[in-house]
Amino acid sequence: MAEPALPRRTRSAVRRLRHDPGAQPFIVIWEVTRACQLACVHCRADAIRHRDPLELSTAEGKNQLADLAAFPPPHPLVVLTGGDPLERADLTELVAYGTGLGLSVAFSPSVTPRLTRDALVELRDAGIKAVSLSLDGATARSHDAFRQVPGVFDATQDAIATVRSLGLRLQLNTTVTANNVAELPAILRRVLSAGAGLWSVFFLVPTGRGSRLRPLSAVEEEDVLHWLYDVSELVAVKATEAPHYRRIAIQRTQQPRPPCGELGARLRDATSDLLAGQVSTRPRRPPIDVNSGRGFAFIDHRGEVYPSGFLPVTVGSVRTAPFADIYRDAPLLRALRDPDALGGKCGRCEFRDVCGGSRSRAYAATGDPLAEDPSCPYQAAVGVITSR
């Protein structure tokens with residue numbers, strides 16, 4: 001069933017890819033290692049202390065980067081993650097090789113003693129342009145409890161300063177759970193003072209160690225997403241594993257902010273000084289229409305390909321097939337790119353073409369990656385939020 005075109009006024013609320021997301025991804029996350037010296041309570045990878053001997057080798061990693069560079073421009077953005085990428089001694093070599101091929105390469109390190117100024121200078125000189133760091137609490141007490149290692153909060157503040165001083169783009173990542181949601185306004189203030197170019201707010205997917213944490217309810221998440229839309233004039237916001245943020249962005253171009261629940265009221269009250277009479281110094285950055293398997297793919301440390309790092313269903317291995325073939329032809333990825341294949345209320349929703357729901361959270365809740373997303377309270381056709 002073809003979806004009607006969005007009205008011109010709402011099309012600008014969401015950025016659409018300029019190329020066919022079925023032909024090539026917009027972004028590829030490569031978990032270069034699963035080794036990490038932290039023990040974060042939300043870790044989707046359930047990271048290990050030592051490197052896996054079955055990791056992709058340096059030569060295999062270079063072949064993988066060459067495969068990504070073989071896509072026609074615009075090449076996929078490549079993010080090197082882990083575990084902790086700095087656990088790999090060949091990280092700089094891989095970065096230099098990838099950027100030499102014309103790829104835009106970023107990396108997401110853990111804040112450990114390996115994250116030194118010298119390491120960052122070396123990676124910058126190899127071609128890294130952006131670094132993402134995690135900030136899951138506004139204080140040392142809350143952040144270090146999340147990371148399970150004392151001193152990480154202070155070290156993160158030092159790393160932020162170093163990244164900025166070296167002229168690298170800074171992204172700050174925050175994983176939201178029921179335990180730290182009240183800290184979001186204070187975390188926002190730290191994001192603003194750090195001069196981050198992007199605040200990526202991850203909504204908990206109960207997988208890996210994260211399965212032991214409590215996510216927000218669907219209605220609470222709706223409140224948070226509306227608040228994030230409010231503050232997105234202060235800093236660019238990305239709502240990870242909450243694609244219904246795009247639905248909210250479209251709705252907010254058509255109608256005023258709806259009444260919020262208790263959580264939304266608390267968040268707004270805590271940032272009233274920032275929001276009152278705010279005059280944006282930059283245009284609001286619209287969210288981009290990318291979802292698991294649709295413009296996005298994840299490669300793990302052994303070369304297995306997944307629709308997302310939070311959706312643990314492998315669709316192939318780069319050790320046995322070219323990445324491009326896996327991305328274009330894997331049955332699950334093709335299904336994820338078809339809005340009419342979605343089940344439940346996601347399949348009935350008028351926003352399914354630009355949202356599609358979190359496939360990771362649907363899978364975590366039901367075992368079916370095409371099922372409806374339980375984290376969205378919107379009812380299609382009725383056009384209301386249920387259980388406010």
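Predicted model: local features only at pLDDT ≥ 70, side-chain atom pairs only at ≥ 80, totals over all residues.
A pocket is here an open set of points on a 1 Å grid over the protein atoms alone, where a 1.4 Å probe fits, with protein on both sides within 12 Å along at least five of seven lines. Residues R16, L17, R18, H19, F26, P74, H75 and L77 line the second largest pocket, each having an atom within 4 Å of a point. This lining comprises four nonpolar, two polar and two charged residues, with Leu, Phe and Pro counted among the nonpolar types, Arg among the charged and those in neither list as polar.

Residues are numbered from 1 along each chain as its sequence is written. Local features need pLDDT of at least 70 and side-chain atom pairs 80 or more, whereas totals for chains, interfaces and linings use all residues, and side-chain values use heavy atoms, without hydrogens and water.

Six aromatic pairs are present in the structure (ring centres of Phe, Tyr or Trp, the latter by its six-membered ring, within 6.5 Å). W199 and W227 pair edge-to-face (planes over 60 degrees apart), at 6.2 Å centre to centre and 85 degrees between the planes. This pair joins distant parts of the chain, 28 residues apart: W199 lies in strand β6 (residues 198-203) and W227 in helix α8 (residues 218-231). Strands (E, at least two residues) and helices (H or I, at least four) are DSSP runs numbered from the N terminus. Both tryptophans, W199 and W227, are buried (under 20% relative accessible area, 1.4 Å probe, protein chains only).

F71, F323 and Y327 are linked into a cluster by ring pairs. The charged end of R337 sits over the ring of Y327, 4.8 Å from its centre, and that of R284 over the ring of Y229, at 3.9 Å; the criterion is CZ of Arg within 6 Å of the ring centre and within 35 degrees of the ring normal.

Terms used:
Phe/Tyr/Trp six-rings, centres within 6.5 Å; stacked < 30°, edge-to-face > 60°. Buried < 20%, exposed > 50% of the residue type's maximum accessible area, 1.4 Å probe, protein only.
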